[in-house]
Amino acid sequence: MLKDLVLANRSYRGYDESRKITKEELLEFVDCARLTPSSVNGQPFKYYLAWEKECVDKIQSMTKWARALPEMTLPHPGMCPTGFVIICQDTKIGESLGRYQKDVGIVAQTMLLAAAEKGLGGCMIGNFNAGQVKEELQLAEHLAPMLIVAFGKPAEKIVLTEVGEDGNTNYYRDENDVHYVPKRKLEDIILS
């Protein structure tokens, strides 16, 4: 069952905008995230939830997607996520932003797996200007935006492929806008 969720949990860059993410769903995802392990059990994260269109659009305008496909605008117009969670570190709880970097990934992945379980999807977005996000959303001085996680109903096809002989792991799209993600073989990543 877990492997099925992992396979369903892709970095989606196209969504069905008619399926709105609700505040209750975002709260459920964050509730799962808050139960995860945390370095020295510090639990320094606070979560900004966006599900109302005006706020979702504002956050969308501050993100940059699919750096490996600079010739494309993703998400395509009309295929944007309908919810966001911004993971912020409360520096009053944990001052060092580097110390909790792994925890950011743990909570983000947990939220995305919770979304996959509901037939939803998302994408971790690290390409944003934290200062701009902080200012535009009027976040308190002690809150540092660490990662933006998009949520929505996936409306694109993603295919996992094996990394070719050239070792290239860049994702790509074909003429039908199918998104391909090369993954290394298990035998290529085991050291013993």
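## Basis

The model is predicted, so local features need pLDDT of at least 70 and side-chain atom pairs count only at pLDDT 80 or more, while totals for chains, interfaces and linings use all residues. Residues are numbered from 1 along each chain as its sequence is written, and side-chain values use heavy atoms, without hydrogens and water.

## Helix α3

Helix α3 spans residues 53–61, and its buried residues are C55, V56, I59 and Q60. Buried means under 20% relative accessible area, exposed over 50%, and partly exposed in between (1.4 Å probe, protein chains only). The four cover an arc of only 140° around the axis, so they sit on the same side of α3. That arc is taken from the directions from the helix axis to the C-beta atoms. Helices (H or I, at least four residues) and strands (E, at least two) are DSSP runs, numbered from the N terminus.

The cover over these buried residues includes β1 (45–50), β2 (83–90) and β4 (143–152). The face turned away from the buried side carries exposed K53, E54 and S61.

## Nonpolar cores

A nonpolar core is a set of buried Ala, Val, Leu, Ile, Met, Phe, Trp, Tyr and Cys residues joined through side-chain atoms within 4.5 Å. The largest has 26 residues; I59, W65, F84, L137 and I148 touch the most other members. Elements giving two or more residues to this core are α3, β2, β3 (121–125) and β4. A second, separate core of 23 residues includes L26, I87, M146 and V149.

F84 has contacts (heavy atoms within 4.5 Å) that include V56, I59, W65 and I148, leaving aside residues up to four places away in sequence.

## Three-strand sheet

An open sheet has the strand order β5-β7-β6, with mixed pairing. Strands pair if DSSP finds at least two bridges between them. The edge strands, β5 (158–162) and β6 (172–173), each pair on one side only. Five bridges join β5 to β7 (residues 179–183), and these two run parallel. T161 has P182 as its bridge partner in β7.

## Salt bridges

There are nine salt bridges, each a side-chain nitrogen of Lys or Arg within 4 Å of a carboxyl oxygen of Asp or Glu. In α3, D57 and K53 lie four residues apart, about one turn. Their side chains meet at 2.9 Å, N to O. D57 is partly exposed at 38%; K53 is exposed at 53%.

K134 and E141 meet at 3.9 Å. K134 is buried at 19%, whereas E141 is exposed at 69%. R173 and D177 meet at 3.1 Å. Salt bridges with shared partners join E156, R173 and D177 into one network.
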